[in-house]
Amino acid sequence: MEVLTDLRSSGRMAEEQAALRRVAMLVARAPPPEEVFAAVAAEVGRLLSADVTLMSRYDSGGAITVLGAWSGTGAAVPFPVGTQTSPGGRNVTTLVFRTRRPARIDDYAGASGPSAVVARGWGFRSSVGAPISVEGRLWGVMTVASTRDEALPADTEARLAGFTELVATAIANAQARVELRGFAEEQAALRRVATLVARAARPEEVFAAVAAEVGRLLCADVTGISRYDPDGVAAAVGGWSRTGDSVSFPVGTRVRLGGRNVVSLVFETGRPARIDVGADGSGEPATFARERGFGAVVGAPIIVEGRLWGVVMVISMSEEPLPSDTEVRLAGFTELVAAALANAEAQAALTASRARIVAAADTTRRRFERDLHDRAQQRLVALALHLRTAVQAAVPPEADGLHAQLDGVAAELIGVHDELRELARGLHPTVLADGGLRPALKTLARRSAVPVRLDVRVDRRLPEPIELAAYYVVCEALTNAAKHAHASEAVVQVEVGEGVLRVRVRDDGRGGADLTLGSGLVGLRDRVEALGGRLSLRSPRGAGTTLHIQLPVAAGNVRDEAVTPLRHATTQMLGLLLLDGWAPYFAELAQAIDDEAERRGWYLQVANSSRNENREMRHLNYFEAFRTRGIIVAPQRDISARLEQLTKRGMVCVLLDPPHWHPAPDAIPSVAVDHVNGGSLAAQHLLDRGSRRFAFVGNTAQTHSQDRLTGFTTTLRQSRPDAVIDIIETIDLTVGSATPAADHIARLPDAERPDGLLAANDLVAIGLLHALTNAGLQVPRDIRLMGYDDIDMAAELVTPLSTIRQPIQQLGTTAVRLLIDQIDGTTSGEPPHVVLQPELVVRATT
């Protein structure tokens, strides 16, 4: 008899393991959750010989929703999928909810509550429920019920446990996929806006883009951006609606601040605010919201240079509260809006400053010309007349030689006078000041060494800076045509229309002119761009040269007042040039640097080279043009020569985490992480865990990957000279790039498959974890996996990632400290080249 019982027990255990295996394989394929719920309900029902099996979720509003159901007869169930009941009374679902533990009812005579009433009506005699917990939080309940007289077996609760764990894994995986997809969508939206900001788009273009991106990302009905004006009014500057209409949040609308509403709360506190029911508000903004049927509203402040500038709002037309993380997700967009505004302020200030410099130079030139005319030239004329009259009259007639010498001196004086007159005309041509552009260009053409065909279609005076710029461009072009191009003819065309002056100068010379060579054309381009214009040059060798400029006529009227609304609170600006600003590691590093710079009273301008050498050089030129006090650079290539050049010109530089091969001149401090040691820490940990075959997965051509690989392989060779080490290349260092590598690993025979992996960064590791799991491999049972960087997401995965933590906060604060110490002329006692050590972080994947 005991043998028979053992056989039955063994058979039941085999059936249970088979059922669990089928569910586990289903979960590993990552199907939709509803497919898992239905399959688990059926497997549990058949295994436990139940009449009805239910899987339900506890909702945040208090309801209990059925997500999976099965009946032994295949007939309808008392609680079909989608049914909602309320907790309360004495029944299995309520008992599990209250105790967070398994519960059973073997006699429904004493049961109560809505679900108990339905259960009795269907003839339930016995039921057992087991909790489903996801990441330590009660998520739902799995219930089996019987209509037979005898109670369900005593081990039913224990046998349910294995299935509830698999369901929890499926739910957690689904949530992780949703979160990762949401993260990717958010990063893509931020990247699109950041690209717009980086190319210095107009603020109103940025406002419209941010409103649209925020609305789509957060599934809002309406989004709006408002500016706080000095007169206590909020003015709408950007809006978006899901329906595409422009009346939900019309740009230009002005509402007076005051009362209880999101716009006023953000203004008063400088912090995010929300109102979940639109009818609860007061004041003009609340009236505006009620008229348009707004329900829940969340707003986040826009801070520019430490001062409150405006607010970004997300609006729902329903009265359901917006998600609790809405304020946090808005933060990234408000920072980009602030960056766009700061860029616009800096550009406006720079344009006005350049215009003032040009105007000051022209004023000085006119004064110099007037002084030459009124003083030096007049004295030369008077001296020449004196020689020809009074002096020569006093010379005896017989002194013919002396007469001749005096005549020669008088002639030389007249010659010097003529040269000074020509010099004065070049400084500030009188004909331009008196008659305007047309007569001035006619005079230039007449005096040109190259024949000129002139076509001037300007019949009125233009602002003085515009006329001067056009005059000097034509003058320089004609001089170059004669002196360098050896042209036989030049054509000058000038016209004004639609508020723009257009000047084109062509010659038939030998070409080959270059804007980057010589100071003449460069100076002209600076003058033109200072007035908001553009200068272009086309000069193929042997085919002549064409110089073309466009100048906005209104630009000649630039005054300080034009930039008044965009004044900076401070002129202290630092620059940060990142290697890959979209990677989570660099985003966290930029935040650490920005926080430290702000704490020390400095403004930070961030640029992203995106691993592009040309873009890297353009950003360095940009920082130099804007007279940035100091820059922190994460280099893509060897730029030590350029940095030394900037240092000699007065700009302070710090290298941020340069690769080991990058030269570090003594004059340029650096702060770096020992990535070779980081790779070594990972190798030693995998060895300690018992791994025997190893692989490095990543793009080894990218910065720091090679250092990490060097430390990884060196330590493995030292500890185990016979160790097998594969290097699996990826196209980049993103989540998606890991899928081909994971497929390759999964196809390898068991004897050849590596059981210890180091990914070049956490994103690659996350991609490997997801793809290997989908391929049926378990981490860490089959493969131990390590990442690198310890980004925020690494600790929040369903299977938290073991990784190498970079000292991001220390790296950022040290870089800022080294930079500001140089600017202030102080020293902190630290060496000019600081090396920080990474740290091993052990989690579930190893």
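Biologist: Which residue in β6 is the bridge partner of M55?
Modeller: In β6, M55 has M142 as its bridge partner. This is a predicted model: local features need pLDDT of at least 70, side-chain atom pairs count only at pLDDT 80 or more, and totals for chains, interfaces and linings use all residues. Residues are numbered from 1 along each chain as its sequence is written, and side-chain values use heavy atoms, with hydrogens and water left out.

Biologist: What makes β1 and β6 a pair?
Modeller: Two strands pair if DSSP finds at least two bridges between them. Strand β1 (residues 52–58) and β6 have six bridges, in the antiparallel sense. Six meets the cut-off, so they pair.

Biologist: What counts as a strand or a helix here?
Modeller: Both are DSSP runs, numbered from the N terminus: helices are H or I with at least four residues, strands are E with at least two. Strand β6 covers residues 137–146. The chain has 22 helices and 29 strands.

Biologist: How many bridges join β5 to β6?
Modeller: Nine bridges join strand β5 (residues 126–134) to β6, and the two run antiparallel. V128 stands opposite V144 in β6. I132 faces G140 there. In the hairpin of β5 and β6, two residues lie between the strands, and E135 takes a positive phi near 55°.

Biologist: Why is β6 called mostly covered?
Modeller: Buried means under 20% relative accessible area (exposed is over 50%, partly exposed in between; 1.4 Å probe, protein chains only). In β6, nine of 10 residues are buried. Across the chain, 49% of the 846 residues count as buried.

Biologist: What is the order of the five-strand sheet?
Modeller: The order is β13-β14-β15-β17-β16, in an open sheet with mixed pairing. Its edge strands are β13 (452–457) and β16 (534–538), and each pairs on one side only. Neighbouring strands in this sheet are turned by 10° against each other on average, direction ignored. Strand β15 (residues 500–507) and strand β17 (residues 545–552) pair antiparallel over eight bridges. V503 stands opposite I549 in β17. Helix α12 (residues 437–447) lies across β13, β14 (490–497) and β15, at about 180° to β13.

Biologist: Why are α18 and α19 called oblique?
Modeller: Set the angle against the cut-offs. Under 35 degrees counts as roughly parallel, over 145 as roughly antiparallel, 65 to 115 as roughly perpendicular, and the rest as oblique. Helix α18 (residues 675–688) and helix α19 (residues 705–719) have axes that come within 6 Å and cross at roughly 40°. Therefore α18 and α19 are oblique to each other. Axes are lines fitted to C-alpha atoms, for helices over the stretch in contact, with angles from 0 to 180 degrees between N-to-C directions.

Biologist: Is that crossing left-handed or right-handed?
Modeller: The crossing of α18 and α19 is right-handed.

Biologist: What classes of residue make the contact of α18 with α19?
Modeller: That contact has seven nonpolar, seven polar and two charged residues. Ala, Val, Leu, Ile, Met, Phe, Trp, Tyr, Cys and Pro count as nonpolar, Asp, Glu, Lys and Arg as charged, and the others, Gly among them, as polar. Residues of α18 including H675 and Q684 meet a group in α19 that includes D707 and R708.

Biologist: What makes α20 and α21 oblique?
Modeller: The axes of helix α20 (residues 738–747) and helix α21 (residues 762–774) come within 8 Å and cross at roughly 45°. Therefore α20 and α21 are oblique to each other. α20 passes α21 in a right-handed crossing. A738, T739, A741, A742 and I745 in α20 meet V764, G767, L768, A771 and L772 in α21. By class, the contact has eight nonpolar, two polar and no charged residues.

Biologist: Where is P321, and what does P321 touch?
Modeller: P321 is in the loop between β12 (307–315) and α9 (326–394). P321 touches R274, D276 and A296, leaving out residues up to four places away in sequence.

Conventions: Left-handed = near helix turned anticlockwise from the far one by under 90°. Contact = heavy atoms within 4.5 Å.
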